[in-house]
Amino acid sequence: MTDELPAASHTIQQFVHGYEEEGVLRGFRCGKCGTRTATWGLRCPVCGHAERTEEPLSGRGTVVAFTVLTVPGDDFLNDAPYAYVVVELDEGGRITGWMPAVREETEITLGERVHFAPSYKPGVQFVRDGPSGAGG
Ligand SMILES: [Zn+2]
C-alpha cells in the first residue's frame, strides 16, 4: 500500500484549538475546484482533491437548519433547552454549532443572521447579530 494520507495545511488539533481557545474559525479552500469548507478534513468533500489551503472565516453567517434540544449532554445541563444549528457562513461552507437561550422553535427562524461567539463550552457557539446587524 502506498496510499498515504495527504497533509493538511493545518491539523485537526489546530482547527479545534482555533474555535475553542483562540476564537477563530479555520476554513479551507480547495486548490482544484475552489470549494470553501468550514470544517476540517483531509480532502475536498466535493472533488476529493487533497491540496487545500487554510482560509480564515469571519464566523458570520445564516441559520439554514436547526432543532431545539431539551435533553442535553452533561456539558449543557445548565443550558437546555438550546438550539442546535447548521450555519452557512458568508465565505462559504456550513458548520454545526449551538445557540444558547433559544428555548422554543418559535424563538429562531431559518435565515436568521448569527455570528460565532467563542465559549468555554465545547463546540461552536453562535449568537444572534445585534439590531444594527453588526453583531457583537
Ligand atoms: Zn475541490
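**Chat: strands, sheet and core**

Me: What share of contacts joins residues at least 24 apart, counting those between residues at least 6 apart in sequence?
Reply: In the protein chain, 47% of those contacts do. Keep in mind that this is a predicted model.

Me: How much of the chain counts as buried?
Reply: 25% of the 136 residues.

Me: What holds paired strands together in general?
Reply: Strands of a sheet pair through backbone hydrogen bonds.

Me: How many bridges between strand 1 and strand 3?
Reply: Six. Strand 1 covers residues 25-30, and the two strands run antiparallel.

Me: Which residue in strand 3 is the bridge partner of Arg-29?
Reply: Thr-53.

Me: Now the core. How many residues are in the largest nonpolar one?
Reply: The largest nonpolar core has 18 residues. Ala-83, Val-85, Val-87, Met-99 and Phe-126 have the most contacts inside it.

Me: Which strands supply at least two residues each?
Reply: Strand 5 (82-89), strand 6 (94-99) and strand 7 (113-116). Strand 5 gives the largest share of this core, five residues.

Me: Where does this core lie relative to the domains?
Reply: Between domain 1 (12-57) and domain 2 (60-128), because both give residues to this core.

Me: Back to Val-87. What does Val-87 touch, leaving out residues up to four places away in sequence?
Reply: Gly-61, Thr-62, Val-63, Val-64, Arg-94, Ile-95, Gly-97, Val-114 and Phe-126.

Me: What about Val-86, which strand is that in?
Reply: Val-86 is in strand 5.

Me: Why does Val-86 count as partly exposed?
Reply: Because Val-86 has 15 C-beta neighbours inside 10 Å. Buried would take 20 or more, and exposed 12 or fewer.

Me: How far is Val-86 from Thr-96, in sequence and in space?
Reply: They are 10 residues apart in sequence. C-alpha to C-alpha, Val-86 and Thr-96 are 4.4 Å apart.

Conventions. Residues are numbered from 1 along each chain as its sequence is written. This is a predicted model: local features need pLDDT of at least 70, side-chain atom pairs count only at pLDDT 80 or more; totals for chains, interfaces and linings use all residues. Two residues are in contact if their C-beta atoms, placed from the backbone, lie within 7 Å. Two strands pair if DSSP finds at least two bridges between them. Helices (H or I, at least four residues) and strands (E, at least two) are DSSP runs, numbered from the N terminus. A nonpolar core is a set of buried Ala, Val, Leu, Ile, Met, Phe, Trp, Tyr and Cys residues joined through C-beta atoms within 7 Å. Domain bounds come from an automatic or database domain assignment.
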